[in-house]
Amino acid sequence: MTIEPTFWVRDIPIYGDAILSPMAGFSDVPYRALCRAFGSAMNYTEFVPVDSLQGKRNPLWNRLNKKPNEHPIVFQIFGNDAKKILRGAQRVEAMEPDIIDINMGCSTRKVSGRGAGVGMMIQPELVAETFRLLTKHLSVPVTGKIRLGWDDDRRNFIEIARIMEDNGASLVALHARTKEQKYNYEADWDAIAELKQAVNLPVIGNGDVRVPADIDAMKTHTGCDGVMVGRAAVGNPWIFARKDRADLSIHEITDTVRLHLREMLEYYGNPFGLVLFRKHLRRYFSGYAVKPLLQPMLVTEDAAEFERLLRKLEEELEREGG
Ligand SMILES: Cc1cc2nc3c(=O)[nH]c(=O)nc-3n(C[C@H](O)[C@H](O)[C@H](O)COP(=O)(O)O)c2cc1C
């Protein structure tokens, strides 16, 4: 039996429709591996400023590390100068991504205030030049992740997506909020539907997918090709397997915690991997009244002690459940 791709990013087939969002501080090599194993159809790296790609290798380049079998992998970069973005993208292309993505959605003042991230959306000529240059000089597909616009008076996502399409882009992902909205208010799924009608590109919808049923709901509502899951995927890789958190056994959670931590220790070393794992750990147990049991796990730097504490937590939750 041949399995048909769900959609294509130019010549790259994508199998599946749920995709882990790029998230600085979260979508690193270990978490991407875990989400991929649970069914994320395509992975994005954390975003990397093109300024950091002009000179010598520096720690930000580690965001572009990947596992040898990690495909399709999208390297995400951002900047505010088309030629610099091109130079950065060319260096990045040598690190063998399947796709290069331009972040045009970051709303933080540090990024958008300097004309990068969503700051690019108020400079349509910059978007045009960037995509024109990159699609001319790179051989991998070039994509972009946008927002609705700067604010409600400047919701220019259709204009920007058409500019991207006219200049060779291969996909557009839309986080359906404006810059002003940051992460507040409801994401506007109607806008994703509008975008899908307006361009002849694959569209990934993003914003407010919280439970597995939301993935299909967004697809039905908007006709989008794929759905990106950000915050709801933290501490919850099961969303990519379309599995509700409420249906998980304690052991499914604790075994995944062990697997994730093992990946973290392997990648970052001991104890750094354990320290970085803390922010994930809290999220794995959100919704459970386990604060006193979790507290020592959030301070220990000893992996054996962590495992001992995890067993204790497991027993406690089993006792409560049974
Ligand atoms: C902690 C954090 C880091 C993020 N980092 C990035 C990033 O590096 N690149 C990017 O395009 N979006 C980034 N985002 C935005 C998400 O990819 C996504 O668009 C947003 O969270 C909305 O989706 P959600 O409602 O599913 O969380 C980040 C979001 C969060 C919460």
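Modeller: The buried residues of H11 are Phe306, Leu313 and Leu317. Seen down the axis of H11, these buried residues fall within an arc of 35°, so they line one face of the helix. The arc is taken over the directions from the helix axis to the C-beta atoms. Buried means 20 or more other C-beta atoms within 10 Å of the residue's own; exposed means 12 or fewer; partly exposed is in between; C-beta atoms are placed from the backbone.

The other side of H11 holds Ala304, Arg311, Glu315 and Arg319, which are exposed.

Some ground rules. This is a predicted model: local features need pLDDT of at least 70, side-chain atom pairs count only at pLDDT 80 or more, and totals for chains, interfaces and linings use all residues. Residues are numbered from 1 along each chain as its sequence is written. Helices (H or I, at least four residues) and strands (E, at least two) are DSSP runs, numbered from the N terminus.

Now the length. H11 covers residues 303–321, which is 19 residues. At 1.5 Å a residue, H11 should span 27 Å, and its end C-alpha atoms are 26 Å apart, which agrees. The expected span is 1.5 Å times one less than the number of residues.

What covers the buried residues? The cover of H11 includes helix H8 (250–268), helix H9 (272–284) and helix H10 (291–297). Contact here means C-beta atoms, placed from the backbone, within 7 Å.

The loop between H8 and H9 contains Pro271. A cis peptide bond joins Asn270 to Pro271, with omega about 10°. Most peptide bonds are trans.

Arg242 has a positive phi of about 60° although it is not a glycine. Most residues other than glycine have a negative phi. Arg242 is partly exposed, with 14 other C-beta atoms within 10 Å.

Last, the wider setting. The protein is divided into domain 1 (7–241) and domain 2 (248–321). These bounds come from an automatic or database domain assignment. The contact takes 8 residues from domain 1 and 11 residues from domain 2. On the side of domain 1 that touches domain 2, 7 residues are nonpolar, 1 is polar and none is charged. Ala, Val, Leu, Ile, Met, Phe, Trp, Tyr, Cys and Pro count as nonpolar, Asp, Glu, Lys and Arg as charged, and the others, Gly among them, as polar. The C-alpha centres of domain 1 and domain 2 lie 30 Å apart.

Key:
Contact = placed C-beta atoms within 7 Å.
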